[in-house]
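Try each task before you read its solution.

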Amino acid sequence: MAHVRFRETMQTLTGVARPFGVNELIVSKTDLKGHITYANEVFLRLAGYPEKETVGAPHCLIRHPHMPHGVFRLLWDMLGEGKEVFAFIVNRSQNGDHYWVLAHVTPTYDANGKIIGYHSTRRVVDENVRKNVVEPLYASMRDAEAKFSNPKDKAEAGVAFLQTMLQQKGMSYGEFIFSLLK
Ligand SMILES: Cc1cc2nc3c(=O)[nH]c(=O)nc-3n(C[C@H](O)[C@H](O)[C@H](O)COP(=O)(O)O)c2cc1C
């Protein structure tokens, strides 16, 4: 019952960042609903759950409360359109530690071109980008979302905030992400 444990421990955050190496990749695969079907050893180490509690659990098992709803709305909308998505994500470990990642999430297709699941590969985030761009942006998205009480409205407010920011910069979401990777 990994989701029950997730809800019970949701309040606890240690403030401790779990490190991982620049040469390490955190990998998971999901079914169409976002239930985990595979997690590599690096994933299990950082998330802090045994494999048997990870495989079969919804991916929100490692959701961190500081993540804006709008980021996940954007991710699922883009995946639904068959697009690849890059996203900066802070995840919560089982004991309340956290770890920032840059995730590359892609649809998995069968031989007939039908989407049968999703795949995410994550790597280390540049500290300056995290501190100076991503954390302030996500704090503003959370502020915009805090005006609403249900998750759907929060997600829409977060996406609207992000889109306004992108319009001001004259960039698409993909261009914005890549501008941070230079
Ligand atoms: C392949 C894949 C990987 C994902 N990876 C993460 C992740 O690392 N952390 C996370 O919080 N959500 C991840 N998600 C999104 C979750 O499914 C979920 O939308 C998110 O945790 C928000 O949960 P909530 O709707 O309960 O707020 C991933 C989804 C997919 C399809």
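**Exercise 1.** Which side chain meets that of Glu135 in a salt bridge?

*Solution.* Start with the ground rules. This is a predicted model, where local features need pLDDT of at least 70, side-chain atom pairs count only at pLDDT 80 or more, and totals for chains, interfaces and linings use all residues. Residues are numbered from 1 along each chain as its sequence is written, and side-chain values use heavy atoms, with hydrogens and water left out.

Next, take the term. A salt bridge is a side-chain nitrogen of Lys or Arg within 4 Å of a carboxyl oxygen of Asp or Glu. The partner of Glu135 is Arg130, at 3.3 Å from N to O.

Now check the surroundings. Buried means under 20% relative accessible area, exposed means over 50%, and partly exposed lies in between (1.4 Å probe, protein chains only). Arg130 has 18%, so this residue is buried. Glu135 has 30%, so this one is partly exposed.

**Exercise 2.** Where do Lys131 and Glu127 lie?

*Solution.* Helices (H or I, at least four residues) and strands (E, at least two) are DSSP runs, numbered from the N terminus. Both residues sit in helix α5 (residues 127–145). They are four residues apart, about one turn of the helix. Lys131 is partly exposed at 45%. Glu127 is partly exposed at 46%.

**Exercise 3.** Lys83 and Glu81 also form a salt bridge. Is Glu81 buried or exposed?

*Solution.* Begin with the contact: 2.7 Å, N to O. Glu81 has a relative accessibility of 52%, so Glu81 is exposed. Lys83 has 40%, so Lys83 counts as partly exposed.

**Exercise 4.** How many salt bridges does the structure hold?

*Solution.* The structure holds seven. Some are linked: Arg73, Lys152 and Glu156 belong to a network of salt bridges.

**Exercise 5.** In what sense do strands β1 and β5 pair?

*Solution.* Two strands pair if DSSP finds at least two bridges between them. Strand β1 (residues 26–30) and strand β5 (residues 115–123) have five bridges and pair in the antiparallel sense. Find Lys29: it stands opposite His119 in β5.

Then turn to strand β4 (residues 98–109). Eight bridges join β4 to β5, and these two run antiparallel. Here Tyr109 stands opposite Ile115.

Finish at the hairpin of β4 and β5. Five residues lie between the strands. Gly113 takes a positive phi near 85° in this hairpin.
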